[in-house]
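Me: I'd like to learn how to read aromatic pairs in a model. Could you walk me through it?

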Amino acid sequence: MVTAHTPAISSRAQTEIDDELVALKERMRFLRTRRNSLSPISSVPPEILGAIFVHHAQEMQSLHVPDNPAVLSWLNVGHICRHWREVALGTPELWATPFLNSSQATEEMLIRSKMAPLNLRSGLRYRTESVQKVLTHIERLREVSLPFLNGGVMYRCIMEFLNKLSTCSAPKLQSLSLEEEYPQTLRIVIPASFLAPNLRSLKIKYCDLSWTSSVLTGLTVLDIKKLSPECLPTLDELISALRRIPALHTLELEDALPTLPPQTTPLLRAPHPMNVRLPHLKRLRLVAKVLEVANVLTRIELPDSTMLEVQLGCRASSSMSPNQEWNLSLPIISRALESCFKATPAKSHRVPRSLRLFGVGRIHVEYSTVRNPASWVGSMSDTCLVPEWAVESPVVLDFDFPAETSTAILSDLWRLVPIRNLEAFYIEGFFACWNGFWTDLLGRGAARNLTYIHLRGTPQALEDLLISLRSQKHSLARFIGGCSRNGQNFAPALSHLVLDKMEFDLSFSSFTRTSDLFDVLVDRVNEGRGLDHLAITECMGISAHDVRLLREVVADIHWDEYENFNDYGLEYDYDSFEDDDDDDYGFYGDGEYYYGETYVE
């Protein structure tokens, strides 16, 4: 029977049921929390659990650039259970690297970090107001890294911060990195008075400083690139500054070296007391005109250390002959190389086992103590004299000279560096390989241990290699007029050959035909020195029929089946370049959402 009071009664009954459901939900949540507390992981003290979270966050920060939202993926630890979220919220160090893409995120992380030392790291994208908020906490700053300043508002922001450091101390600041991507009309200038007593790392690019500044004290890392001409030091100013930082283990100076007057006389080594010793130096990188590099090397005494890594980037000037400049610099550069490859028992493991040669308008030479270094995978042109250091490459040399001088430089380097134990040789580029290139550089017994050769886009080097590999005793290859090689078999231990992005020539006048490669391999098989492995990738002018013939003399052949340029049917997925600029950072807020994922206790 339906009465007039039914709606009211129904509403009250529904409310009571809703209240019971809320109570039941809270009871279930309480029981889940209680059950979680009995699991073994819950016995880990909050301090240790917080330290684990911090380590995980640091790992994520090392894997992603600062402006990538994935750098915040560590926030997921707060979505596991109530206890983990409470630990995360109660660990200030976990929030000490504010995410600068969002003002809201920056503000919230500054609050949750409490008094923990702050790390200010920006990527290509950031909000200026976020950077300004963090810089106001001078007393808490531990690291300031701004690699993409690009002038404008950020110039005023950074200069205001630096000027404050003239009168207000930053006791926790250990690392300062300021880099402009391009030269600006207004340059950031490091003040002469710099109150950061614990600063250990200074990296600047397209910024200026005084070489008497107090910032050049107590450093272990000094990296200066692209100083304005009026701020370049004299040699005495540079040496005086280096004496104030004897604990230096990384020194990188790019276009920041003392200049020399035109028509410089021979560079003479200064008396020993006038030089600077850097006993802890592990990395030295100098990039400038070749005489400027040599001039600085005359005053720096490199340590006798198995950890020393040297990168030299040298270019010719217009004030004198490139050959003359190289001849003046050669004695000093040779002494630096001797420090890296001393023939002492302590440095026996420093003997080069791999060599990489790259040339497109310049010559890039890299020596490695490791056979087939992992960092050499891919195009060599992407890694020429990069600031990042590969621990397995103690010596990297880069020379921007005319072709005729580059030939002389290579010839001199081959005499200076011990390569008799060379096992792997990588070569890429289009520099002018002279007739007899391989035998001149690696012949006469120098290549007796060479087992691996990797050629990439070097047709002239391939042609000369095929000529050099020909056996004099069993040669089946066609006659090569005026190119005959006499003497012992070249590279007798060669077992692996990689040909990448090469183009085999079908004309009879060329010695880079696939039939020439086949004949040479037959020669080596008859000599008892056949290849174990041959890789052919992205090479033109080779067919499946050619590969079948090659398999008759090489058992293990890797071929990607590219036969012509039409096989490169590359299509770009433009959808993958969409810019997701989500600014919703809940950080475990009341809504219990993070990036659209519902948090469930």
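Reply: Happy to. The structure holds 5 aromatic pairs, where rings of Phe, Tyr and Trp (its six-membered ring) pair if their centres lie within 6.5 Å. This is a predicted model, with local features needing pLDDT of at least 70 and side-chain atom pairs pLDDT 80 or more, while totals for chains, interfaces and linings use all residues. Residues are numbered from 1 along each chain as its sequence is written, and side-chain values use heavy atoms, leaving out hydrogens and water.

Me: What describes a pair of aromatic rings?

Reply: The distance of the centres and the angle of the planes. Planes under 30 degrees apart count as stacked, over 60 as edge-to-face and the rest as tilted. Here the ring centres of Trp-326 and Phe-399 are 5.3 Å apart with planes at 80°, so that pair is edge-to-face.

Me: Which parts does the pair of Trp-326 and Phe-399 tie together?

Reply: Trp-326 sits in helix H9 and Phe-399 in strand S15 (residues 395–400), so the pair links parts 73 residues apart in sequence. Helices (H or I, at least four residues) and strands (E, at least two) are DSSP runs, numbered from the N terminus.

Me: How does Phe-399 pair with Phe-401?

Reply: As a tilted pair, 6.5 Å centre to centre with 55° between the planes. Trp-326, Phe-399 and Phe-401 form one aromatic cluster.

Me: Is Trp-326 buried or exposed?

Reply: Buried means under 20% relative accessible area, exposed over 50%, partly exposed in between (1.4 Å probe, protein chains only). Trp-326 has 1% relative accessibility, so it counts as buried. Phe-399 and Phe-401 are buried too.
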